[in-house]
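Notebook open, model on screen. I want to go through some helix packing and then a loop residue.

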Amino acid sequence: MSERKPDAAPVRVALLGCGTVGTEVVRLLHEQADDLTARVGAPVEVAGVAVRRPNKHRDVPAELLTTDAAGLVDSDVDVVVEVIGGIEPARTLLLAALRSGKSVVTANKALLAEHGAELFEAADASGADLYFEAAVAGAIPLLRPLRESLAGDRITRVMGIVNGTTNFILSAMDGTGASYAETLEEATQLGYAEADPTADVDGFDAAAKAAILASLAFHTRVTAADVHREGIASVTASDVAAARELGRAVKLLAICERVVGEDGSESVSVRVHPAMIPRSHPLAGVNGAFNAVFVEAEAAGQLMFYGQGAGGAPTASAVLGDLVAVARNRVVGGRGPRESAYADLPVRPMGQTPTRYHVSLDVADRSGVLSQVAAVFAEHDVSIAVVRQQGRGEDASLVVVTHSAQDAALRSTVDKIAGLPVVREVVSVMRVEGEEP
């Protein structure tokens, strides 16, 4: 434990937002005040809480509440904690705080994924700290290990489940055989999905987190716009059942990897999409609303981070961890890690990214179907790993799993197969991750 300096002045904190996470932050600051003082070396004091409707926050002392967020940021505070989300006014408020030398703790993944470089530049110019552990995977200590613990290693891949809503839906589909619509309704009733679930089910939330993970892992600025994004709305019960037959599970994955080209040049691939993974993979057993991230590094090998990926108390835990770090830096005169973007690797387009496909086709029951389909794969230089033909007559189907190939070649292959007279319908296409058969 840190020893409190006899003359240490309180570290004054401005809290922007007091929703589910902010309320828990206030509670924990109050309940753990003595422990936090010991850890920081000085008292941590809430100077004010900026909210839109003060009358809705009766659990917070009225004298702390204000609707003037800009005024609170501009007041005599040392640290600004932001949990309001969204781009504005958060961006303007945090830039003002950083430019005036105030340290910032934020849980705002969308802001970091779109304007992270601007925030880091402001922090560097003033010497302030910018911490954001709570922006990805809730309570799971993930960003600090990438930022600090693995700073001496070379990370090659980060793959994870970073959205609890979609993982709950896909886990339920796998466990019950229910449809996407049925499980989404259940997730909404249980409070796992918002009334408007677009950010989650269409992959926007996961894409923002993937941008942050890739930026840290590969020392390269990656924005949300750089991330290839696909959601789970098109995943069917048949897709999940087909994965089960192959010994796989369907997960919405955020995948960030270092790709080495034939000429030895390096680039970064960052994508979010549903994929089939082997049930033997540690991520396949992550069910419900939990998050997990699998990290591969040259020296450290394989690491997995698992836990509560959302919720008021878990996210507040990550916020307070950052708050202790920046408050301690204020007391002893230290500084946290800066942005590391020296590698400046190009982001590889999805079409040039190596991947694998699982393709399910509704085909005519006649001789030569397989040879015609296989000829299209060969034409596009895509090798077939597994092929399974089943059913007869109107129920005839063909399932093909490919070896690794560039995504554009795989997509062109599927498009041409869809036009074959012997193919009635391309029933589904899903990417496959994990070891090849």
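I started with H2 and H12, which pack at an angle of about 45 degrees with their axes 9 Å apart. Helices here are DSSP runs of H or I with at least four residues, strands are E runs of at least two, and both are numbered from the N terminus. Axes are lines fitted to C-alpha atoms, for helices over the stretch in contact, with angles running from 0 to 180 degrees between N-to-C directions. H2 and H12 are therefore oblique to each other (under 35 degrees is roughly parallel, over 145 roughly antiparallel, 65 to 115 roughly perpendicular, the rest oblique).

Which residues make the contact of H2 with H12? I listed Leu-36, Arg-39 and Val-40 from H2, and Leu-320, Val-324, Ala-327, Arg-328 and Val-331 from H12 (contact means heavy atoms within 4.5 Å). They divide into 6 nonpolar, no polar and 2 charged. Ala, Val, Leu, Ile, Met, Phe, Trp, Tyr, Cys and Pro count as nonpolar, Asp, Glu, Lys and Arg as charged, and the others, Gly among them, as polar.

A note on provenance: this is a predicted model, where local features need pLDDT of at least 70 and side-chain atom pairs 80 or more, while totals for chains, interfaces and linings use all residues. Numbering runs from 1 along each chain as its sequence is written, and side-chain values use heavy atoms, leaving out hydrogens and water.

Next I looked at H7 (residues 164–176) and H8 (residues 180–189), whose axes come within 9 Å and cross at roughly 125 degrees. That makes H7 oblique to H8. H7 passes H8 in a right-handed crossing. On the H7 side I found Phe-168, Ile-169, Ala-172 and Met-173, and on the H8 side Tyr-180, Thr-183, Leu-184, Glu-186 and Ala-187. I make that 7 nonpolar, 1 polar and 1 charged.

Then H1: Val-21, Gly-22, Glu-24, Val-25, Val-26, Leu-28 and Leu-29 are buried (under 20% relative accessible area; exposed is over 50%, partly exposed in between, 1.4 Å probe, protein chains only). Their cover includes strand S1 (11–16), H2 (33–40), strand S2 (44–50) and H12 (312–332).

Last, Ser-404, which I found in the loop between strand S15 (397–402) and strand S16 (405–406). Ser-404 counts as partly exposed, at 40% relative accessibility. From Val-270 it is 134 residues away in sequence and 17 Å in space, C-alpha to C-alpha.

How values were computed:
Left-handed = near helix turned anticlockwise from the far one by under 90°.
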